[in-house]
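Please open the model in your viewer and keep the selection tool at hand.

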4 protein chains.
Amino acid sequence: MAARRGGGHPVITDIEHRVNYSETDQMGLVYHANYVIWLDMARTEHLRGTGVTYKEMEEQGVYLAVTDLQVRYRRAARYDDLVRVRCWVREVASRRVTFGYAVERGGGDSAGMPELLATAQTSLMALDRGHSPTRIPEHVRELLAPSSDPVRL
Amino acid sequence: MAARRGGGHPVITDIEHRVNYSETDQMGLVYHANYVIWLDMARTEHLRGTGVTYKEMEEQGVYLAVTDLQVRYRRAARYDDLVRVRCWVREVASRRVTFGYAVERGGGDSAGMPELLATAQTSLMALDRGHSPTRIPEHVRELLAPSSDPVRL
Amino acid sequence: MAARRGGGHPVITDIEHRVNYSETDQMGLVYHANYVIWLDMARTEHLRGTGVTYKEMEEQGVYLAVTDLQVRYRRAARYDDLVRVRCWVREVASRRVTFGYAVERGGGDSAGMPELLATAQTSLMALDRGHSPTRIPEHVRELLAPSSDPVRL
Amino acid sequence: MAARRGGGHPVITDIEHRVNYSETDQMGLVYHANYVIWLDMARTEHLRGTGVTYKEMEEQGVYLAVTDLQVRYRRAARYDDLVRVRCWVREVASRRVTFGYAVERGGGDSAGMPELLATAQTSLMALDRGHSPTRIPEHVRELLAPSSDPVRL
């Protein structure tokens, strides 16, 4: 994963994840709710890469709660696939940030190109320790520079 | 849960679910991906109530795979809450069916009215044993009568 | 589920659980880690039945953390099975309580007798808010009356 | 992760795993059932490292089903911890193989030594496509060379 950056530059983070047996269902595919966890894993690494960890944010009393989730499933991930999840900021406002995601299977098609398995978007609202809406701290907001979408969501 | 009905009548199914410790996260709330499983539980009981179980559908070689998922989180569910998930058909076509959902906490507000925790929608595509798109069997499609939304999604 | 009892009487609690699609894996069976969640669900209802909820215990600053887990899987649970999980106290000490469990599928064999799917045992240690070992409060300990095992673990 | 080896040599595999938010519970620790999935992830990589993937085994019609699970939880894993899971073969017989595991947090104590978070053991039975017990294929069994335990289970 990317090293810490100075922040402020639009960036797309990617993580790799090996599909585990626990994530499959009896259709022989990955159960759809598990992709939602992958999005969280990618978002966590995106924050880490920009220069702040979500763990640090919580220690400073700022929580990010998902308020909107949209996933479009295009092709199924399967057991033991090595999937890549890309994550970027789409929009940021004073109390809210929206992330985009693309889930791909590396070198999966006949030409060795990555296959797009799913696209997704989540909006998160900043909450304080009492679970009330709050502002995203300025130093965090500066790190959340929006990128243009690398794929059509 | 409702007994089998003759089918064909628009209907809204509801299930109750007690939030388990495994579903919480360190924010002290239910982790957002778990709601997606609750939707599946409600959809399963909706099918059962109309007169066909999803298990029977699979035995007959028809699978329903989620292709689109949208969830709007409004208030957080918490440990040990008894939540109610309502499910209904929004639209049905030859190869696709869209369900709507409302997640509520019973008698939760000060006036004893149920609180709306989340609304959601999933679209599912019918697949055959080889995972290719197929038509929803006629006797199933007849059971999937669309209802008007009981809440605004 | 059973109403509150005065407590102090050995008792075996049972819950029913409908196996959801999310709990299956590509072997077409329930993924083994999911049974561990079912144990928690049964333990929660056992406490509620004796007269104290685990939620209340946490509000009073007493947490129960699993320190030992043993599961013996005998027959596989499958999608849409209605499983029954029985839970009872095996042993209780000042800071520790051990529960036993039997997971069954109702009326599953040819003679209509329940099939034993798994047996299990968990030991839990009482922790305070700072996660240090503490004593189980006296009024809780009195409710945790050990039963003899209804099945061989 | 280790490259493929010729097999037959006792070996201990280790994987790293970053604790995700989905794995925490409201106690602020990792929910205990999630460790069971980590064991599976480590076992999968252990097989891959010895020269056969579990995916290939299933394609050849041999399934490994967990029949016994024992976990001893010693210290709690927390959000964003980078945990290491070590896995090795303890015993192998014609139809059964037992794995040992150690879950550690890297450099976690004051002297920078890894902290032992949990130890575990799982026994798996070989099943054929019809879910009946079968022999572990000879070429697989040769790869499953038992190691002595690197930690006391």
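How many disulfides does the structure hold over all chains? The structure holds 0 of them over all chains, where a disulfide is a pair of cysteine sulfur atoms within 2.5 Å.

Before going on, please note that this is a predicted model, in which local features need pLDDT of at least 70 and side-chain atom pairs count only at pLDDT 80 or more, while totals for chains, interfaces and linings use all residues. Residues are numbered from 1 along each chain as its sequence is written, chains are lettered from A and ligands numbered from 1 in the order in which they are written, and side-chain values use heavy atoms, with hydrogens and water left out.

Select Cys87(C), which is buried at 0% relative accessibility; buried means under 20% relative accessible area, exposed over 50%, and partly exposed in between, with a 1.4 Å probe and protein chains only. Then select Cys87(D), which is also buried, with a relative accessible area of 0%.

**How the chains are related**

The same surface serves both copies, since 100% of the contact residues of chain B recur in chain C, contact meaning heavy atoms within 4.5 Å.

**The largest cavity**

A search of the whole structure finds 2 cavities of 30 Å³ or more. On a 1 Å grid over the protein atoms alone, a cavity is a set of points where a 1.4 Å probe fits but cannot get out, and lining residues have an atom within 4 Å of a point; grid points are joined across faces, edges and corners, and a volume is the space filled by probe spheres set on the points. The largest cavity holds about 900 Å³ of space. To find it, select Asn34(A), Ile37(A), Asn34(B), Asn34(D) and Ile37(D), which are the closest to its centre of the 41 residues that line it. By class, its lining has 18 nonpolar, 17 polar and 6 charged residues; Ala, Val, Leu, Ile, Met, Phe, Trp, Tyr, Cys and Pro count as nonpolar, Asp, Glu, Lys and Arg as charged, and the others, Gly among them, as polar.

**Loops in chains D and B**

Most residues other than glycine have a negative phi. Select Asp80(D), which has a positive phi of about 75° although it is not a glycine, and which sits in the loop between β2 (63–73) and β3 (82–92) of chain D; strands (E, at least two residues) and helices (H or I, at least four) are DSSP runs, numbered from the N terminus. Asp80(D) is buried, at 8% relative accessibility.

Finally, select Asp80(B), which is buried at 9% relative accessibility. Leaving aside its neighbours within four places in sequence, Asp80(B) is in contact with residues including Arg18(B), Val19(B), Thr44(C) and Arg48(C).

Notes. On a 1 Å grid over the protein atoms alone, a cavity is a set of points where a 1.4 Å probe fits but cannot get out, and a pocket is an open set with protein on both sides within 12 Å along at least five of seven lines; lining residues have an atom within 4 Å of a point.
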